[in-house]
Amino acid sequence: MNKLTECILNKNSSLTPIWFMRQAGRYLPEFREIRQKNQNFIKLCLNPDLVTDITLQPMKRFSLDAAIIFSDILMIPYGLNQEVEFKKNFGPKLGSLDIDKIININNKEFIKKLSPVYEGIRKVKNKIENQDLIGFVGAPWTLLVYMMNRESPKKNFDINYINKDKSKSNKILKKIEETICLHVDKQIEAGANVIQIFDSWAGLLPSKELENYCYIPNLKIVEHIKKSKIPVICFPKGIKNNYENFCSVVKPDCISIDYEIDPNWIKNKANGITIQGGMDPKILLTEKENIKKNVEKFITIFSDYPYIFNLGHGVMPETRPEMIEYVIKIIREKKR
Ligand code: CP3
């Protein structure tokens, strides 16, 4: 077993596997160079050769324990024939949502549209040996938010819009859940040997809605993935002390914590589930001394607990690549 799977499945606390969310991304000059020449982000995600190159960019620079396939959670709405566009300085913009059209898309059509993603995974798998390959999906709630809100909910979101027409939301949610399972299966078949579920907007939900829109939908996907005997990491970002309930209801193999979670608190609440991440990505924009202090804090807290080093969200575009290298060096000097 490679280090990431060993830490997740065998709860081995003597190793600290390292990878970073958004490890392939805009903080890397070599990524920006490819991105510059490929203005259409969806098309870029559908180019297996470039997907392979971009996925491997951080693997070439740094000593990381896992590759995460270069893709996006919004490839699912794209595969369901909702238009998806990434606008500069705005983020994703989605087209109108025609429920009947979406519900009638069959698996074969979806797989055909996303087949370059799976081809990219196959290519990457052939090029790595001692590292794990992470496939990923957005969680049902987070995808529902993007599909119904049609843009990031950061500035503009009203939960009543989703609650107003429950039968409409539930119909889409069901289709999203089925499609997520399909997309996961195809990624596993192509060579992904760990899956991460990103519930990036779980924090928008009031506590009383978490069960319905966050825990149960995540549980369905987790149970589906467990059937394939593939480890699953959940990232229900922003749900604060409800991380405890999430762990006891959903029981993922690994829980990824965001930067608002106290690592000492979660260690006592996660019931032995492997913990990942936590350090605020903004720390990497500060000076080395402060970075070292914070990395050591996490390593010390989790010295006797199965822990994967990662951040509490993605690497920020402003991050200097040498700081990623520095973090890895600090950890490797202390641990395997
Ligand atoms: O982590 C990795 O290196 C793998 C690649 C990856 C991307 N997106 C590439 C990407 C992963 C795992 C994602 C997941 C994703 N996508 C999430 C969940 C994680 C999170 O950040 O909360 C979400 C919410 C999205 C949707 C999305 N994609 C947004 C909101 C944006 C635009 C805003 C932003 O952060 O740039 C994207 C674009 C995107 N996806 C980029 C990358 C490298 C930037 C594209 C660019 O160059 O403009």
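A residue is regarded as buried when its relative accessible area is under 20%. By this criterion, in the predicted model described here, 10 of the 10 residues of helix α8 (residues 140-149) are buried, so the helix is largely enclosed by the rest of the structure. The buried residues run from Pro140, Trp141, Thr142, Leu143 and Leu144 through Val145, Tyr146, Met147 and Met148 to Asn149. Just after α8, arginine 150 adopts a positive phi of about 65 degrees.

For valine 295, the contacts beyond its neighbours within four places in sequence are with Met279, Phe309, Val327, Ile330 and Ile331.

The ligand is surrounded by 21 residues, of which Arg22, Arg26, Arg35, Asp72 and Ser200 are the closest. This shell divides into 13 nonpolar, 4 polar and 4 charged residues. A polar backbone atom of arginine 22 lies 2.6 Å from a ligand oxygen, whereas for arginine 35 a polar side-chain atom is 2.7 Å from an oxygen atom of the ligand. Histidine 313 likewise places an N or O atom of its side chain 2.7 Å from a ligand oxygen. On its own the ligand has 870 Å² of accessible area, and the protein covers 87% of it.

Two further positions were examined individually. Threonine 52 is located in helix α4 (residues 48-61) and counts as buried because its relative accessibility is 3%. Apart from neighbours within four places in sequence, threonine 52 is in contact with Gly120, Lys123, Val124 and Lys127.

Glutamate 260, by contrast, occupies the loop between β7 (254-257) and α13 (263-269). With a relative accessibility of 46%, glutamate 260 counts as partly exposed, a class that lies between under 20% and over 50%. When residues up to four places away in sequence are not counted, glutamate 260 touches Gly238 and Lys240. Its C-alpha atom is separated by 12 Å from that of asparagine 242, which lies 18 residues away along the chain.

Conventions:
Residues are numbered from 1 along each chain as its sequence is written. This is a predicted model: local features need pLDDT of at least 70, side-chain atom pairs count only at pLDDT 80 or more; totals for chains, interfaces and linings use all residues. Side-chain values use heavy atoms; hydrogens and water are left out. A residue is near a molecule or strand if one of its heavy atoms lies within 4 Å of it. A polar contact is a pair of N or O atoms within 3.5 Å; within protein, one must be able to donate a hydrogen and the other to accept it, and residues adjacent in sequence count only if both atoms are side-chain atoms. Accessible areas come from the Shrake-Rupley method with a 1.4 Å probe; for residues, only the protein chains shown count as cover. Ala, Val, Leu, Ile, Met, Phe, Trp, Tyr, Cys and Pro count as nonpolar, Asp, Glu, Lys and Arg as charged, and the others, Gly among them, as polar. Helices (H or I, at least four residues) and strands (E, at least two) are DSSP runs, numbered from the N terminus. Buried means under 20% relative accessible area, exposed over 50%, partly exposed in between (1.4 Å probe, protein chains only). Contact means heavy atoms within 4.5 Å.
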